[in-house]
Amino acid sequence: MADLIFGCTGAASERYAATPALTFSLTITERSGVRIHAIALRCQIRVEPHRRRYSAAEAQRLHDLFGDPSRWAETVKPIQLATVTVMVPTFTAVTEVDVPVPVTYDLEVASARYLQGLDDGTIPLLLLFSGTVFVATDEGFSVELVPWSSEATYRLPVSVWHDLVDAHFPGRSWLPCSNVTLDALSAFKAKHALPTWDATLAALLDQAAPADDAAPGTPAAPDAADPDRPAQARRHD
């Protein structure tokens with residue numbers, strides 16, 4: 001019977017992937033001496049946020065995810081990052097295999113919101129393994145299951161995540177919205193001849209900002225109900 005030990009030795013961002021992805025380096029050790037014909041390996045990756053400390057700025061960004069820091073002992077729970085499968089080829093004693101892991105930058109997904117809120121340090125990960133092991137024998141091969149107790153830990157540098165995001169979205173953030181909201185933004189953008197979505201959101205923020213928050217030297221927005229203004233000036237452009 002195979003005796004497998006799993007370890008994670010590193011992770012890197014895939015700069016030339018079509019979509020954001022990380023590649024984890026796994027080491028698999030077989031200690032009983034049998035020859036492994038193949039492993040159909042399934043890997044579930046979880047973030048364990050309770051295993052690191054946070055700065056005041058990070059805690060503020062994570063407030064909508066975990067609530068007030070005074071309650072984090074109750075609210076901070078593991079976050080699912082991904083579940084992937086990989087075929088491990090034949091080996092004896094020890095082998096190394098790369099596991100590609102697609103990730104999302106959708107800030108409505110808990111894992112992306114969490115990762116985006118971190119400045120530096122490491123991200124504590126737990127890798128849980130399952131799957132099917134094909135052991136080579138004199139008569140062919142036997143089939144076994146990867147024990148459900150098989151796991152490994154890894155601390156992913158936050159810098160690797162930032163490098164991944166910067167490679168695919170340099171200087172940008174990605175925010176989803178409903179079709180209704182997008183249609184309304186598109187109409188506003190076209191009506192005011194705004195060149196970019198960034199300019200569209202900035203114009204809306206300027207309109208929503210109180211007069212006291214206006215930048216120094218910026219004239220206050222005129223009162224549309226001012227009777228002393230010409231009718232054409234009062235028209236809503």
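The paragraphs below go through this structure from the chain as a whole to single helices, a pocket and a few residues.

The model is a predicted one. The chain contains eight helices and nine strands. Of its 237 residues, 37% count as buried. Among the contacts in the chain with a separation of 6 or more, 71% are accounted for by residues 24 or more positions apart.

Phe24 belongs to strand E2. Its relative accessibility is 1%, so Phe24 counts as buried. Not counting residues up to four places away in sequence, Phe24 touches Cys8, Gly10, Ala11, Ile45, Val97, Asp98, Val99, Val101, Leu125 and Tyr154.

Next comes helix H5, residues 158-168. Its buried residues include Val158, Val160, Trp161, Leu164, Val165 and His168. These residues lie on the same side of H5, because they cover an arc of only 165° around the axis. An α-helix has 3.6 residues a turn, so residues three or four places apart point the same way. The cover over the buried residues of H5 includes strand E1 (4-13), strand E2 (21-30), helix H4 (110-116), strand E7 (122-137) and strand E9 (151-157).

Helix H5 also holds His162. With a relative accessible area of 23%, His162 is partly exposed, since buried means under 20%. Apart from neighbours within four places in sequence, His162 is in contact with Leu118 and Asp119. The C-alpha atoms of His162 and Asp120 are separated by 9.3 Å, although the two residues are 42 residues apart along the chain.

A residue of another helix can be described in the same terms. Leu65 sits in helix H2, residues 63-66. Its relative accessible area is 21%, so Leu65 is partly exposed. When neighbours within four places in sequence are left aside, Leu65 is in contact with Ile79, Ala110, Arg113 and Tyr114. Between the C-alpha atoms of Leu65 and Gly117 there are 10.0 Å, and along the chain the two are 52 residues apart.

Helix H6 comes next. It has 13 residues, which at 1.5 Å a residue should span 18 Å, and its end C-alpha atoms are 18 Å apart, which agrees. Which residues of H6 are buried? They are Leu185, Phe188 and Lys189. These residues cover an arc of only 100° around the axis, and therefore they are on the same side of H6. On the other side of H6, the exposed residues are Asn179, Val180, Asp183, Ala190 and Lys191. Helix H7 is included in what covers the buried residues of H6.

Of the two, H7 provides the largest share of the lining, three residues. By type, the lining residues of the second largest pocket divide into eight nonpolar, two polar and two charged.

Most residues other than glycine have a negative phi, and most peptide bonds are trans. Where is Ala193 placed? Ala193 is in the loop between H6 and H7, just after H6. Its phi is near 55°, a positive value in a residue other than glycine. Ala193 has a relative accessible area of 64%, which means that it is exposed.

The other loop residue is Ala93, found between strand E5 (91-92) and strand E6 (94-102). Ala93 is not a glycine, yet it has a positive phi of about 75°. Its relative accessible area is 38%, so Ala93 is partly exposed.

Definitions and conventions:
Residues are numbered from 1 along each chain as its sequence is written. This is a predicted model: local features need pLDDT of at least 70, side-chain atom pairs count only at pLDDT 80 or more; totals for chains, interfaces and linings use all residues. Side-chain values use heavy atoms; hydrogens and water are left out. Helices (H or I, at least four residues) and strands (E, at least two) are DSSP runs, numbered from the N terminus. Ala, Val, Leu, Ile, Met, Phe, Trp, Tyr, Cys and Pro count as nonpolar, Asp, Glu, Lys and Arg as charged, and the others, Gly among them, as polar. The expected span of a helix is 1.5 Å times one less than its number of residues. Buried means under 20% relative accessible area, exposed over 50%, partly exposed in between (1.4 Å probe, protein chains only). The arc is that of the directions from the helix axis to the C-beta atoms. Contact means heavy atoms within 4.5 Å.
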